Amino acid sequence: KIENATVKAELGRAAWRLFHTTMAKFPDKPTQDEQTALFSYIHLFARLYPCGECAGHFRHILNKYPPQVSTRSNAAAWACHVHNEVNKSLNKEVFDCSNIGDFYDCGCADEDDKKEK
Ligand code: FAD
């Protein structure tokens, strides 16, 4: 099959958006079970990512920089860092991770809001 770079890039943008938004919604103080879940999720994401060549590269990055799942801010900073590793390998601009805080919004009401309704 011939590579379609446009489709591959579109998949990448969608995947990164989901990835970073997942970190932005991860608990500030996760339980052990929540930490294990995120750790597994990241490894399975790297294993099952549909672009096989990309997945292979990303697994190397994961080996070098194991997922940080102890708090939301550690997870978000870690995800920003590994995305930057991919950016570097593709000669893209490096993202300023100090701006990650409010950048990824799920658009969903949070749990507290739901309970009030
Ligand atoms: P993207 O890199 O898709 O980023 C989307 C948006 O996220 C940016 O516009 C910016 O607003 C924001 N952003 C940028 N950097 C960061 C950061 N560090 N932290 C948080 N937000 C950020 N493509 C290949 O050709 N070869 C590969 O080997 C490859 N491996 C990949 C591995 C994974 C796990 C994923 C998810 C994607 C991979 N891709 C790969 C796709 C590639 O990373 C890009 O998604 C794609 O090239 C589109 O790039 P883009 O410039 O639109 O921005």
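How close do the axes of α1 and α4 come, and at what angle do they cross? In this predicted model, local features require a pLDDT of at least 70 and side-chain atom pairs count only at pLDDT 80 or more, whereas totals for chains, interfaces and linings use all residues. Residues are numbered from 1 along each chain as its sequence is written. The axes of the two helices, α1 and α4, come within 8 Å and cross at roughly 160°. Axes here are lines fitted to C-alpha atoms, for helices over the stretch in contact, with angles running from 0 to 180 degrees between N-to-C directions. Because angles over 145 degrees count as roughly antiparallel, α1 is described as roughly antiparallel to α4.

At this contact, W16, F19, H20, M23 and A24 of α1 meet R72, A75, A76, A79 and H83 of α4. Two residues are taken to be in contact if their C-beta atoms, placed from the backbone, lie within 7 Å. The residues of the contact of α1 with α4 divide into 7 nonpolar, 2 polar and 1 charged. In this classification Ala, Val, Leu, Ile, Met, Phe, Trp, Tyr, Cys and Pro are nonpolar, Asp, Glu, Lys and Arg are charged, and the others, Gly among them, are polar.

The chain as a whole contains 5 helices and 0 strands, and its elements run α-α-α-α-α from the N terminus on. Helices (H or I, at least four residues) and strands (E, at least two) are DSSP runs, numbered from the N terminus. The C-alpha trace spans about 50 × 30 × 30 Å along its principal axes. Of the 117 residues in the chain, 12% are buried. Contacts between residues 24 or more positions apart account for 56% of those with a separation of 6 or more. The mean pLDDT, the predictor's confidence in each residue on a scale from 0 to 100, is 93 for the chain, and 94% of its residues reach 70 or more. For the complex, the predictor gives an ipTM of 0.99 and a pTM of 0.95.

The ligand is surrounded by 21 residues, of which the closest are A9, G12, C54, H83 and F95. A residue belongs to this shell if its C-beta atom, placed from the backbone, lies within 6 Å of the molecule. Helices α1 (5-24), α3 (52-64) and α4 (72-89) each supply at least two residues of the shell, and α1 gives the most, with 7 residues. By class, the shell comprises 11 nonpolar, 6 polar and 4 charged residues.

Y65 lies in the loop between α3 and α4 and is exposed, with 12 other C-beta atoms within 10 Å. A residue is exposed if 12 or fewer other C-beta atoms, placed from the backbone, lie within 10 Å of its own, buried if 20 or more do, and partly exposed in between. Not counting residues up to four places away in sequence, Y65 touches H81 and V82. Y65 and H83 are 18 residues apart in sequence, and their C-alpha atoms are 11 Å apart in space. V7, found in helix α1, counts as exposed because it has 10 C-beta neighbours inside 10 Å. The C-alpha atoms of V7 and C97, which are 90 residues apart along the chain, are separated by 26 Å. N91 is located in the loop between α4 and α5 (111-116) and is exposed, with 6 other C-beta atoms within 10 Å. Most residues other than glycine have a negative phi. The phi of N91 is near 60°, a positive value in a residue other than glycine.

Key: Parallel < 35°, antiparallel > 145°, perpendicular 65-115°, else oblique.
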